Amino acid sequence: MERKRITIDGTHFSTLEEFYDEIDRLLTKNLTWKTGHNMDAFHDLLRGGFGVHEYGEGMDFYWLHAKKSRCDFGYGATALYWENILKKCHPSNRERVALKVADAKNHVGETLFDIIVKQILDKKCVYDHTLILYEEEERLQRSFFTTDALALARNLIGKVLVHDTPLGTVRGIITETEAYMGVDDKGSHTYGGRRTERTEPMFHIGGTSYVYFIYGMYNCVNVTAGAKDVPMAALIRMAEPFDEASRGIMEQFRLAETERKREKRKQAGDAKETDKKGGGLPISLKKHLADGPGKLCIAMNITKEDNDIDLAVDRHFYLTEGIEVKEERISAGKRIGIDYAEEAADYLWRFTLT
């Protein structure tokens, strides 16, 4: 069974109370049972059986912006943590807890950050969680994008597309891309140097988003490559949820779109839809959350509002390092949906993680 990934983002909280709220969101899903803002309850939640994982099931935790969290949960927060325990603890424990307070005020011993990490990695219990700390989020820098579209499309495989949405931050591991090489590529929107209001973002510096609408139904998201005024881009065709929080968000957006289409058909008088009732996301859609450019944009809530964004610097829409991908796992094939492109339709410029 594939291990579940849980991403703790240090930018989502600054206090212990906010941390507990974030853990509730990540691990308990829609359950009424929560941590109760209590370290013992947090420990019980880590054992499983209350939310996203079963009892004893190991998970892989990724703590982003750990440098910020180390500061937030330093000795000042540690002293406050032990002071609150001192107010409620049994008299037999007061001396021990008072020493913890004194140590924290003297900047001695483990910090609150250390305590939380120890809870996650506690090997005395039945679970076997792992934790990777990222002091700063490993965002892809400008130099990653200022190459040609062929190299960019291949290099994007395994990277993570990050988008802040009204439902939270969603992260997708990129598993399929296509390269569009610009003025000499008959499959490209900018073939022959075509420069219109629609294609203008393709002429911008590498790392710019290019979101366009097709078939009157779907958005597609691309990332520009190379230098300014050299109109190349890589289409992101498919992605998989990076973590359980992202999976939940993707499912909610796909379900909302499914319900919207169902309601539209009912209003149009489609007899087949009249007696249907809404429900959860069908299993078939759960298996295919973002395995197509249109589905990807729905699942990650990427719209025309996200067009022409500098992904190298934006705080809400960007790319990061992802999973390690060996060269032999990337296959090349023909691009999809460009039969009009004559000989260019046969170029093996589609890259897929296999």
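Student: Which residue lies over the face of Tyr318, and at what distance from the ring centre?

Tutor: In this predicted model, the residue over the face of Tyr318 is Arg139, placed at 4.2 Å from the ring centre. A second case involves Arg5, which lies over the face of Phe242 at 5.6 Å from the ring centre.

Student: How many aromatic pairs does the structure hold, and how should I read one of them?

Tutor: A pair of aromatic rings is described by two quantities, the distance of the centres and the angle of the planes. The structure holds 14 aromatic pairs. One of them joins Trp63 and Phe113, whose rings are 4.9 Å apart from centre to centre, with 55° between the planes, and this pair is tilted. The two partners come from distant parts of the chain, since Trp63 belongs to strand E2 (residues 59-64) and Phe113 to helix H6 (residues 112-120), 50 residues apart.

Student: Are Trp63 and Phe113 buried or exposed?

Tutor: Both Trp63 and Phe113 are buried.

Student: Why does the pair of Tyr210 and Tyr212 count as tilted?

Tutor: The ring centres of Tyr210 and Tyr212 are 5.2 Å apart and their planes stand at 45°. Planes under 30 degrees apart would count as stacked and planes over 60 as edge-to-face, so the rest, in between, are called tilted, and the 45° of Tyr210 and Tyr212 therefore makes their pair a tilted one. As for burial, Tyr210 has a relative accessible area of 1% and is buried, while Tyr212, at 10% relative accessibility, also counts as buried.

Student: Which residues form one aromatic cluster with Trp63?

Tutor: The cluster that holds Trp63 and Phe113 also includes Phe13, Phe19, Tyr20, Phe42 and Phe73.

Student: What is the angle at which helix H4 and helix H5 pack?

Tutor: Helix H4 (residues 75-88) packs with helix H5 (residues 94-105) at an angle of about 160°, and their axes are 8 Å apart. Because angles over 145 degrees count as roughly antiparallel, H4 is roughly antiparallel to H5. Their crossing is left-handed. Among the residues that meet there are Tyr75, Trp82 and Leu86 in H4, and Arg94, Val101 and Lys105 in H5.

Student: How many helices and strands are there in the protein chain, and what is its span?

Tutor: The protein chain has twelve helices and eleven strands, and its C-alpha trace spans about 80 × 55 × 35 Å along its principal axes. Of its 354 residues, 49% count as buried. Among contacts between residues at least 6 apart in sequence, 65% join residues at least 24 apart.

Terms used: Residues numbered from 1 in each chain as written. Predicted model: local features only at pLDDT ≥ 70, side-chain atom pairs only at ≥ 80, totals over all residues. Heavy atoms only, no water. Phe/Tyr/Trp six-rings, centres within 6.5 Å; stacked < 30°, edge-to-face > 60°. Helix = DSSP H or I, 4+ residues; strand = E, 2+ residues; numbered from the N terminus. Buried < 20%, exposed > 50% of the residue type's maximum accessible area, 1.4 Å probe, protein only. Lys NZ or Arg CZ within 6 Å of the ring centre and 35° of its normal. Axes fitted to C-alpha atoms, helices over the stretch in contact; angles between N-to-C directions. Parallel < 35°, antiparallel > 145°, perpendicular 65-115°, else oblique. Left-handed = near helix turned anticlockwise from the far one by under 90°. Contact = heavy atoms within 4.5 Å.
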